[in-house]
Amino acid sequence: MAVLIVDDNPEVRLSAAFLLEDHGFEVFEAEHPEVAKQFLSCKQITLILLDMNFTRDTTSGNEGLAFLSWLQTQPRAPAVICLTGWGSVTLAVEAMRLGAADFIEKPWQNPQLLDAIRKQSKLSVLQAKRSESADAEVALPTYSWRSAAMQTLLGKLERIAATDASVLLCGESGCGKSHLVETLHQQSARSGGPLISVNMGAIPESLFESEMFGHTKGAFTDAKSQRSGRFELASGGTLFLDEVATIPLTQQAKLLRVLESGEYERVGSSRTERADIRLICATNSDLEQDVAQGRFRSDLFYRINTFTFELPPLRARLDDIVPLAEHLLARHAARYKLATKSLDNEAQAALLAYRWPGNIRELSHVMERALLLSEGAQICAADCQLRLANPNPKPEQVHNPVSPAPGATLAEVEKALIEQTLALHQGQVSEAAKALGLTKSSLYRRLDKYGLRSES
């Protein structure tokens, strides 16, 4: 197994190299992410140990996050374990959102680091086997949302799906916006056309027009052939612009023009083309605040938000957490050609008590890891490795989260979580029901079941 250590401190690199070489790993070193990028272009690496801070910025972790973001765009990217002496829950959550497999604070404990590396080595072998047989994956039915919050949202989407009206989906990162885009497209009159998704945050500003509108041969130095843009590729179907808030101000006017007039030109051409798309955008940013602070054009904001829908975070969909986890376990099991496993009571209790800062994306990652690394017949709480607390609690949410005691039943944890949520909302059942992803009547039934009392 080849490990690349990316750290600007030569003593740290030397210490890690000695440890890993003594345990049979092949070790390579890079003093900066840019050097690591060059290294990855010519060497097959299984795992990266990535420092989060370098000489330009010693505390924020932004350089490490930027490298993780770049790595997401690379095919067959190696796994990453992040290392930092300036750790925080917020940084750890963001690193894992960008694909990091683990997050370890310096100075590390050698057994802890070796254990994390060995786990990733096992995962890499299984993932390689999965890639070899990806075309033989078992098809599974799509997940059907159970929570009242999602049932209500899906009902609203169904009523406007057949129209060509622009839709803006808002919500925390990883809460399932792309899943709803597929639902909207399949229920629309354009379902027979293409669904083209674009991560706007991954498009360099200099290539914005070429990516979105296409270019002609010779339009610029590297334009060796004509290329279709995303508007052309989505013609007759749906164009999904994810992370729309990341579009630079200088390019927002160009997008606004095609949305208002339906016309655009390829880079290097004077011929006007017509756009025939249904637009769906998504963001985890507060666009109204971005408009107020001059980061997003107000005219573009009003053009893309004919209908705006807010997706609740996973922690507000209590009835979905366990069945969704089981669905994800089955899906990962099919991909790896393994038998799926059930969740024991303590695991279910732990999933319900956890805050899920990374939402569905984090749940999927947790279930994949638990399935591959668990040794028992069922997934237990320890297999899930839920270690992070709520990274940015609102003032009214600062409290001691439910922590299931060993041997606690699912009913005991559910009762504690309901009591806690009612306390946060001063006993108001309607507000507590919304926070739990339940209908008001469903919560009342649980209150009767557990003998709890609240304000009406």
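Helices (H or I, at least four residues) and strands (E, at least two) are DSSP runs, numbered from the N terminus. By this rule, the chain holds 19 helices and 16 strands. The model is predicted, so that local features need pLDDT of at least 70 and side-chain atom pairs count only at pLDDT 80 or more, while totals for chains, interfaces and linings use all residues. Residues are numbered from 1 along each chain as its sequence is written, and side-chain values use heavy atoms, with hydrogens and water left out.

Two totals describe the chain as a whole. Of its 456 residues, 47% are buried, where buried means under 20% relative accessible area, exposed over 50%, and partly exposed in between (1.4 Å probe, protein chains only). A contact requires heavy atoms within 4.5 Å. Among contacts between residues at least 6 apart in sequence, 70% join residues at least 24 apart.

Two strands are said to pair if DSSP finds at least two bridges between them. Strand β1 (residues 2-6) pairs with β3 in the parallel sense over four bridges, and Leu4 stands opposite Ile48 of β3. Strand β4 (residues 79-84) also runs parallel to β3, and five bridges join the two. Within β4, Cys82 is the bridge partner of Leu50.

Asp51 lies in strand β3 and carries a record annotation. The unreviewed UniProt entry gives "modified residue: 4-aspartylphosphate" for Asp51. UniProt positions are given in the numbering used here, feature names are shortened, and annotations may be inferred rather than shown by experiment. Is Asp51 buried or exposed? Asp51 counts as buried because its relative accessibility is 5%. Leaving aside residues up to four places away in sequence, Asp51 touches Val6, Asp7, Asp8, Gly64, Leu83, Thr84 and Lys106.

Lys106 also takes part in a backbone feature: the peptide bond from Lys106 to Pro107 is cis, with omega near -10 degrees. Pro107 is found in the loop between β5 (102-105) and α5. Most residues other than glycine have a negative phi, and most peptide bonds are trans. Trp356, although not a glycine, has a positive phi of about 50 degrees. The loop between α14 (345-353) and α15 contains Trp356, and this residue is buried, with a relative accessible area of 0%. Gln385 likewise has a positive phi of about 50 degrees without being a glycine, and its place is in the loop between α16 (381-384) and α17 (410-424).

On a 1 Å grid over the protein atoms alone, a cavity is a set of points where a 1.4 Å probe fits but cannot get out; a pocket is an open set with protein on both sides within 12 Å along at least five of seven lines; and lining residues have an atom within 4 Å of a point. Grid points are joined across faces, edges and corners, and a volume is the space filled by probe spheres set on the points. A search of the whole structure finds one cavity of 30 Å³ or more, and the largest cavity has a volume of about 50 Å³. Its lining consists of Ala101, Asp102, Ala116, Lys119, Gln120, Arg369, Leu373 and Gln385. For residue classes, Ala, Val, Leu, Ile, Met, Phe, Trp, Tyr, Cys and Pro count as nonpolar, Asp, Glu, Lys and Arg as charged, and the others, Gly among them, as polar. The cavity lining has three nonpolar, two polar and three charged residues.

The second largest pocket has a volume of about 440 Å³. Of the 21 residues that line this pocket, Ala149, Glu310, Pro312, Lys434 and Ala435 are the closest to its centre. Two or more lining residues come from each of α6 (148-160), β14 (307-310) and α18 (429-436). By class, the lining of the second largest pocket divides into eleven nonpolar, five polar and five charged residues.
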